[in-house]
Amino acid sequence: MASTAEHQTRTRAAMADAGVDVLLLGREGNARYVSGANRLWLAGTRPFAPSCVLVGETGAVHLLSVTDDGVPPEIPTARLYPISWNPLNLAAAAAAATAGTTVRRVAVDGISPLFAGLLHGVFPDAELVDGESLLRAVRRVKTRDDVSAIRAAVGVADAAFQAVVATAGPGVSAATLAGVFAQRMGELGVTTPAFAPVITVAADRVAARVGVLLDGWAGILARTWPGGEPLAAAVAGAVGAVRPGVPVAELGDDTVTVDGVGLGHEELIGADVLEAGMVLFVGVERDGGCWGDTVLVTETGAEVLTSG
Amino acid sequence: MSDQTLSFSGSLDRARMVRERHARLVDALAGEELDVLVLLGQGNVNYATGARMPDADQAQALHHRAVAVVTADGTPPVVFTSAPERVPTDLGADVRPRLDLEWEAGAAQLRDALPPGRLAVDDLTVPLWQALADRDPQDASGALGAAKLCKTADELECIRRAQAVNEAAITELEGAVAPGVTGTELTGHFVRRILELGASGSTVDPVWQVMASSIAAGPFSATGDLVFPTVTTQQPFQAGDVVFVDTGIHYEGYQSDYGHTWVVGGDIDARHREHCQRWLDTVDAVLEVTKPGATGRDLTRAAGEVYGRRPWLAHLYLAHGTGTESAEMPFVGTDLGEEFDASIVLAPGMVLVLEPVIWDDGRSGFRSEHIIAVTDDGFDSLSHLRYEAYGVDR
């Protein structure tokens with residue numbers, strides 16, 4: 001919970017800087033960042049709807065949830081609003097959360113024509129602005145607790161991956177290996193993947209990219225065996241260039257991909273400059289193989305969090 | 001266990017499915033007087049083009065998403081994607097490199113690529129919303145709903161197959177449900193089995209909720225009604241636990257929806273049998289009136305009251321549709337109210353997931369899910385759940 005309190009402090013500071021009075025969040029990673037709530041995981045994209053409200057002036061977090069199960073005790077039950085099939089009710093719940101405060105600028109992390117209209121209706125004097133870029137910047141540098149949570153997620157991904165290595169062999173299919181990863185995750189108490197395991201078996205060569213979400217935090221790795229050494233060397237080369245001040249685009253050649261890691265995938269572009277406390281997935285995919293590690297940017301370079 | 005995938009008896013023509021869906025969407029655009037449809041939701045992109053990206057958590061799915069542009073003139077759609085090999089060739093789609101709509105540059109590229117005319121979108125990133133402000137984008141749900149509401153024969157076969165895989169995995173799992181086993185372990189078994197059966201992943205974190213015997217003894221409820229679903233934990237099951245099960249996978253992007261109730265340890269008594277029978281009676285009463293022309297209000301009226309309450313959850317529904325989204329139109333029994341229910345008129349090809357909840361407060365209850373497709377003169381069942389454990393053979 002210490003971490004969620006720090007997330008809220010950081011987020012409210014960013015809101016104050018941007019003159020944002022209220023944040024309406026539809027993306028689960030954003031909602032979890034500011035609320036600490038563990039709601040039912042669903043795969044894939046879903047259209048925007050305000051499922052978490054952070055009021056800048058009061059710091060109150062309001063959450064779309066029919067129950068307090070999975071909701072931190074810091075959020076009183078009076079601040080839970082149940083799911084509704086009438087979008088107007090969700091817009092009204094967002095507006096009710098701001099009662100008694102001044103709302104001139106409302107930041108959203110997504111929008112639809114429907115909700116643009118409804119939110120204009122319930123916040124007639126307010127301007128709708130970009131909340132996704134605001135949270136993207138806030139979430140990028142991790143707190144100490146965030147890093148601990150990612151380390152724990154990486155530990156689960158590593159351990160479940162070891163079961164894949166132990167099972168791989170002549171005649172064992174990619175589907176079975178993906179299944180073994182999922183089963184081991186479950187045995188380790190984790191049921192939410194960062195993505196469905198991406199595993200190929202060609203002759204005796206296995207390429208596996210796997211990731212888990214533990215308490216929402218991602219841990220990801222990719223390995224190819226046998227013969228993964230050139231891929232590993234390419235990743236190691238890119239990781240060797242990681243240090244604060246370096247632009248993302250300068251990490252390795254164009255076969256190297258660099259993504260942000262946090263509460264699931266986080267967006268990075270080539271022009272973004274590394275800072276200590278950022279967490280990255282640095283990977284390569286080529287020649288039917290893959291390799292990649294979850295990496296913490298430190299004050300002096302990089303710490304590879306994955307083993308295996 | 002083996003990774004022998006299931007064989008299916010029904011026929012499926014994927015190319016025909018892709019063509020028929022696109023044609024329906026083009027017709028729906030005309031019906032809504034729209035010229036251009038931009039789709040960001042991955043279920044909608046699949047519907048319009050057959051392009052499906054790998055299963056992933058929301059944040060990853062947003063990053064990798066394919067984007068589709070459909071036009072009312074019926075020309076092949078445009079698909080922007082990093083995975084051109086995942087776009088079927090049946091429509092002759094114009095496949096272009098992925099656009100990153102999370103950033104201004106990608107949003108501007110999409111804006112510049114769009115044909116003129118009246119535009120609708122299903123969802124927007126903030127940069128895309130800003131880029132399209134001059135186009136005054138309309139909400140696409142009218143056109144999408146009109147196209148998707150009634151399924152083609154191939155779509156129904158996909159739902160049948162998704163459900164068959166889900167049911168097969170659960171059947172093999174039932175032996176593993178025992179005192180001391182945790183929900184997370186059960187999820188591991190389940191996901192392994194669906195992957196081995198050829199599914200690409202679970203679309204919802206599987207739910208195995210141990211029900212308190214009364215609403216008051218359960219978790220806080222913002223509606224005052226029964227709380228369901230809750231997130232699976234590492235709490236071990238105990239003998240006699242009543243477990244509400246809810247799982248979902250997909251086949252070609254079409255969703256299954258499996259629900260059932262288990263009694264851990266298998267000691268099913270007269271009370272459990274009574275709850276199960278009441279659930280079956282409720283479904284039978286609803287199915288009795290399920291045919292073209294019937295309204296959603298007819299279904300809720302047929303469901304009546306059981307143990308002094310409406311036999312479904314206040315925050316959910318008596319029935320929902322399913323397709324490329326796990327819950328899509330038609331919705332019956334929601335907080336949209338009776339007037340809305342009365343406006344839902346059943347037609348052939350509509351799919352309904354009936355999910356009444358029988359709740360006998362203080363003595364627990366029963367929940368399962370039954371999926372049907374409306375036919376010309378009644379309905380076909382797309383799910384085949386078994387209730388022998390409750391002494392019911394059907």
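Analyst: Domain bounds here come from an automatic or database domain assignment. On that basis chain A is divided into domain 1 (2-139) and domain 2 (144-304). The model is a predicted one.

User: What lies between the two domains of chain A, and which residues make their contact?

Analyst: The C-alpha centres of domain 1 and domain 2 of chain A lie 30 Å apart. The contact takes nine residues from domain 1 of chain A and ten residues from domain 2 of chain A. On the domain 1 side, α1 (2-18), α2 (28-35) and α5 (132-140) of chain A each supply at least two residues. The largest share of that side, three residues, comes from α2(A). By class, that side of domain 1 of chain A divides into three nonpolar, three polar and three charged residues.

User: How is chain B divided?

Analyst: Chain B has domain 1 (14-148) and domain 2 (153-390). Their C-alpha centres lie 31 Å apart. Ten residues of domain 1 of chain B are in contact with eleven residues of domain 2 of chain B. The side of domain 1 of chain B that touches domain 2 has two nonpolar, three polar and five charged residues.

User: What makes residues of chain B and chain A count as being in contact, and how many are there?

Analyst: Two residues are in contact if their C-beta atoms, placed from the backbone, lie within 7 Å. By that test, 60 residues of chain B are in contact with 60 residues of chain A. The largest share of the chain B side, nine residues, comes from α8(B). The residues of that side divide into 24 nonpolar, 23 polar and 13 charged.

User: Why are α7(A) and α8(B) called roughly antiparallel?

Analyst: The axes of helix α7 (residues 174-187) of chain A and helix α8 (residues 183-196) of chain B cross at roughly 170°. Angles over 145 degrees count as roughly antiparallel, and α7(A) and α8(B) are therefore roughly antiparallel to each other. Their axes come within 7 Å. Among the residues that meet are A:A175 and A:V180 in α7(A), and B:H189 and B:L195 in α8(B). The contact of α7(A) with α8(B) has seven nonpolar, eight polar and five charged residues.

User: Which residues have the most contacts inside the largest nonpolar core?

Analyst: The largest nonpolar core has 223 residues, and those with the most contacts inside it are A:A153 and B:A68.

How values were computed
Residues are numbered from 1 along each chain as its sequence is written. Chains are lettered from A and ligands numbered from 1 in the order in which they are written. This is a predicted model: local features need pLDDT of at least 70, side-chain atom pairs count only at pLDDT 80 or more; totals for chains, interfaces and linings use all residues. Axes are lines fitted to C-alpha atoms, for helices over the stretch in contact, and angles run from 0 to 180 degrees between N-to-C directions. Helices (H or I, at least four residues) and strands (E, at least two) are DSSP runs, numbered from the N terminus. Angles under 35 degrees count as roughly parallel, over 145 as roughly antiparallel, 65 to 115 as roughly perpendicular and the rest as oblique. Ala, Val, Leu, Ile, Met, Phe, Trp, Tyr, Cys and Pro count as nonpolar, Asp, Glu, Lys and Arg as charged, and the others, Gly among them, as polar. A nonpolar core is a set of buried Ala, Val, Leu, Ile, Met, Phe, Trp, Tyr and Cys residues joined through C-beta atoms within 7 Å. A residue is buried if 20 or more other C-beta atoms lie within 10 Å of its own, exposed if 12 or fewer, and partly exposed in between; C-beta atoms are placed from the backbone.
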